[in-house]
Amino acid sequence: MFCLQTLQTFAEESYYDKVSSVKFGVVVKVRMALVLLLIFLLMNSGVFGQDWNVNYKDNSICAVKGSTVNMSCTYRYPQQYNLTETLWINKPIEIKSLKEYQEYKDRVEYIEDRQNKTAVLRLRNVTENDEKVYYFRLITATEGQRWFGQPGIQLNVSALQVQAPQQVLEKETVNLTCRTTCNLTDRFIWYKNGQALNFHSNILQLQSVRSDSGSYSCAVRGQEHLPSPAVSLSVMYSPRNTSVSISPSGEIVSGDSVTLNCSSDSNPPALNFSWFRGETFLGSGDTYSISNIKSEASGNYYCSARNEHGSQFSAALTVNVMYPPKSVSVSISPSGEIVSGDSVTLNCSSDSNPPALNFSWFKEDETSAVGSGQSFSISSFSSSFSGRFYCEAQNKYGSQRSASVSLTVKDVGRLVILYISIGVIRGAAVIIMLLLIWRSRRMKKRNDTMESQMNRSSPRHDRRKACDVELSEPVYENVSSVKFGVVVKVRMALVLLLIFLLMNSGVFGQDWNVNYKDNSICALKGSTVNISCTYRYPQQYNLTETLWIKKPDVDIKSLKEYQQYKDRVEYIEDRQNKTAVLRLHNVTEDDEKEYCFRLITATEGQQRIGEPGIQLKVSALQVQAPQQVLEKETVNLTCRTTCDLTDRFIWYKNGQALNFHSDILQLQSVRSDSGSYSCAVRGQEHLPSPAVSLSVMYSPRNTSVSISPSGEIVSGDSVTLICSSDSNPPALNFSWFKEDETSAVGSGQSFSISSFSSSFSGRFYCEAQNKYGSQRSASVSLTVKGVQRSASVSLTVKGVWNILYVIIVCATIAIIAVFGLLFLLILCIRNKRRNNDSKDSVQKKESTGKSSESGDGKDASIQDCRDKDTKEPEEDEIQYASITIQNPATEDKSTSQEKDLSVIYSSVMIQT
């Protein structure tokens with residue numbers, strides 16, 4: 001109504017204006033179009049009843065993951081509408097309350113004060129999935145009258161994260177940083193192993209002592225219930241407090257199983273342990289086990305613990321093995337032959353721990369003991385005591401009996417006859433020799449006397465005769481005496497030679513002998529050993545059996561009778577050449593004993609054991625090497641054994657033979673040297689040592705970044721960057737950086753961006769780090785290539801709705817303006833035609849007025865100037881009448897008629 005009244009007023013006033021009818025029509029139509037356009041713009045601006053507004057307190061909020069967020073706003077709406085509902089949304093196209101989404105169930109709370117027109121969205125336990133734009137929406141009872149406020153509140157969710165190296169050397173300074181993408185001004189709280197520390201900066205600096213190792217986390221003051229994930233800090237140091245313990249504790253008895261444990265305090269834990277007894281290397285590993293301990297294992301044991309930062313030796317632990325008596329033997333005092341009436345003492349000796357204190361004496365074929373004590377004495381030995389005696393030594397861990405010894409009274413008569421015979425022979429030999437000497441001297445004296453007599457009594461030629469005559473007989477006498485002396489001497493020599501030969505042939509003695517080729521043999525575990533000897537025995541005895549025995553042993557029996565030697569022992573003998581060989585297959589540490597060869601004859605008591613025997617030692621090959629070594633360091637791998645082997649060694653890596661034959665393998669520690677190493681002896685390749693692993697440690701190499709998913713990145717996509725590297729040990733500390741930014745943008749092997757936008761575009765790179773160094777990757781470029789294909793995701797880009805709103809408003813105004821201009825153009829064309837018709841009508845009226853003016857037509861008249869033949873006006877067309885005004889000159893001529901003159905208006909018809 002207001003608009004209609006305004007238009008009517010404009011029409012009435014225009015009649016008083018002295019303007020042409022054409023100009024009046026154009027002006028009215030232009031004014032009317034401008035009024036309509038003004039009304040439209042005012043309606044869109046809220047002047048005409050649409051007063052909608054939502055004002056947010058914050059454009060964006062950054063919250064810590066897991067916390068509760070309050071998003072608040074104030075609002076305004078036209079009072080003529082009845083507000084029925086308010087709600088919060090995060091998808092302008094899919095307009096649905098947050099409470100209707102399953103992921104927001106029980107986490108959303110609406111707080112509203114309609115009197116003060118304030119609203120709060122309270123969102124609990126926020127996560128990264130809640131990173132969206134949130135809008136407040138108003139709904140009224142009038143259909144189509146609703147509103148939601150732009151541009152909304154952008155919620156960003158950040159998790160607290162402790163950035164720290166996983167490992168640090170002792171006494172090094174280390175910084176732990178509490179990181180978050182939110183710009184927090186609150187004071188931080190640090191925790192170690194769940195206990196709060198008195199430190200409130202976002203950087204915690206430590207001096208790296210052993211006690212600093214632990215689990216660290218941080219939180220924001222006021223949100224202590226939302227700490228960051230804990231990270232472990234490990235302070236590395238060399239072994240300390242290295243010690244040896246034994247299990248089980250208490251006394252150790254021979255045959256027990258004993259385990260020695262090496263322990264130390266180090267970080268990382270020591271993995272390389274070496275065991276020693278005195279100066280002898282025993283083996284490696286944190287434990288050293290002896291399954292069937294022997295007395296020989298007694299001694300001082302200690303270990304060495306080593307990690308990559310150093311090593312330490314433990315104090316010595318004394319192992320004292322208790323064992324029952326062994327090597328029990330009997331000795332006879334005095335030694336030699338026993339004659340009836342002699343005093344004889346038997347002494348029993350043994351090796352035991354503790355020493356044996358209980359000794360018993362026994363005589364074979366008698367059931368009860370004949371004596372006790374370490375010695376057994378017979379003051380006056382007689383034939384009734386003859387027999388085989390043995391002793392038994394005992395301590396609290398067991399007992400053992402000795403081998404039997406034979407006590408026999410020798411026959412005195414036989415000895416007397418033997419001694420007399422020898423005495424007679426020797427006496428006769430002495431008498432014969434004396435007689436020969438006496439006779440030779442006598443003959444010499446006689447010859448000297450006769451020669452002197454002859455020289456004095458006869459002349460020279462007569463003496464020659466006399467000599468020829470007198471000496472004829474004595475010559476025969478001298479010759480016979482000489483022959484007699486020679487014969488006696490020869491016989492005496494033959495008798496002595498016969499006695500010597502008889503003694504050596506066994507008539508007067510026992511010719512027993514066992515000669516071993518080696519005194520000791522050292523063999524590799526699992527190999528075959530040949531133990532050989534030659535032997536000799538008295539020929540008057542008949543050799544019935546030969547065998548091999550082990551010492552110490554209570555029962556002297558063949559090795560073939562023992563279960564543990566079954567199918568492993570082989571006897572090889574050549575009685576013609578008197579050689580014997582013991583072949584022992586698959587030797588083990590339990591075979592470390594003394595082995596003796598024994599001969600048994602058909603004559604009772606005539607047997608012999610070759611002592612001392614051959615000592616067999618068994619050794620296992622072992623590779624001694626560190627488990628870890630730094631790249632480019634020189635490392636020696638040693639093939640160790642207690643045997644003195646002169647054979648060439650063979651080295652293996654991962655089961656493949658290497659062209660190296662010394663007992664020490666030296667490497668320069670490159671990455672390819674990592675592997676499993678073992679060694680063997682040439683000729684016994686089937687018996688390699690246990691393999692040991694060598695790991696070459698090096699810093700990260702070939703660090704690179706990959707993008708997932710690959711291909712073009714569209715705004716709103718989820719993008720993950722993955723950092724990979726080659727290192728030993730594997731890199732566990734990764735940091736992410738964006739070029740042209742000084743601080744890290746993330747950590748971990750992967751870095752994710754849940755909703756990518758142009759603000760994230762740039763070049764990213766990662767840095768991989770282990771305890772030996774770090775390396776950064778080449779940079780990769782992340783760029784938004786296009787618009788997101790999914791509407792629900794694209795709406796998360798801030799400002800899109802504002803742009804759409806402006807475009808819609810501008811398009812609406814442009815369309816209205818175009819239609820308005822077309823409407824005005826059509827009106828102008830029609831009015832131009834109508835004005836032409838009006839001019840013709842006016843001319844006709846003027847001619848008619850002149851004719852009436854000459855007669856009775858003195859009054860001015862206003863008539864309808866429309867052509868009678870004009871068609872009826874179309875609907876909604878505005879019709880105006882022609883206006884005729886009387887000439888003022890005529891008015892002067894007739895003053896009498898001026899009083900009665902009246903103005904006549906034609907009706908103005910406006911069809912609606």
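The protein contains 8 helices and 61 strands, where helices (H or I, at least four residues) and strands (E, at least two) are DSSP runs numbered from the N terminus. The model is a predicted one, in which local features need pLDDT of at least 70 and side-chain atom pairs count only at pLDDT 80 or more, while totals for chains, interfaces and linings use all residues. Residues are numbered from 1 along each chain as its sequence is written, and side-chain values use heavy atoms, with hydrogens and water left out.

Of the 912 residues, 32% are buried; buried means under 20% relative accessible area, exposed over 50%, and partly exposed in between (1.4 Å probe, protein chains only). Among contacts (heavy atoms within 4.5 Å) with a separation of 6 or more, 63% join residues 24 or more positions apart.

The interior comes next. In soluble globular proteins, nonpolar side chains tend to be buried together. A nonpolar core is here a set of buried Ala, Val, Leu, Ile, Met, Phe, Trp, Tyr and Cys residues joined through side-chain atoms within 4.5 Å. The largest such core has 33 residues, and Phe136 and Leu155 have the most contacts inside it. Strands giving two or more residues to this core include S1 (53-56), S4 (83-89) and S9 (153-158), and S7 gives the most, with 6 residues. Beyond its neighbours within four places in sequence, Phe136 is in contact with residues including Val54, Tyr56, Trp88 and Trp147. A second, separate core has 31 residues, among them Tyr516 and Leu582.

A polar atom of the Asn307 side chain lies 3.1 Å from the backbone oxygen of Pro268. Not counting residues up to four places away in sequence, Asn307 also touches Tyr237, Ser238 and Ala270, among others.

Leu822, in helix H7 (residues 800-853), is partly exposed, with a relative accessible area of 45%. Together with Ile815, Val818 and Phe819, Leu822 forms a nonpolar patch on the surface, with about 400 Å² of accessible area.

Key. Patches are made of residues with over 30% relative accessible area and no salt bridge: like charges are joined within 9 Å, nonpolar side chains (Val, Leu, Ile, Met, Phe, Trp, Tyr) within 5 Å. Accessible areas come from the Shrake-Rupley method with a 1.4 Å probe; for residues, only the protein chains shown count as cover. A salt bridge is a side-chain nitrogen of Lys or Arg within 4 Å of a carboxyl oxygen of Asp or Glu. A polar contact is a pair of N or O atoms within 3.5 Å; within protein, one must be able to donate a hydrogen and the other to accept it, and residues adjacent in sequence count only if both atoms are side-chain atoms.
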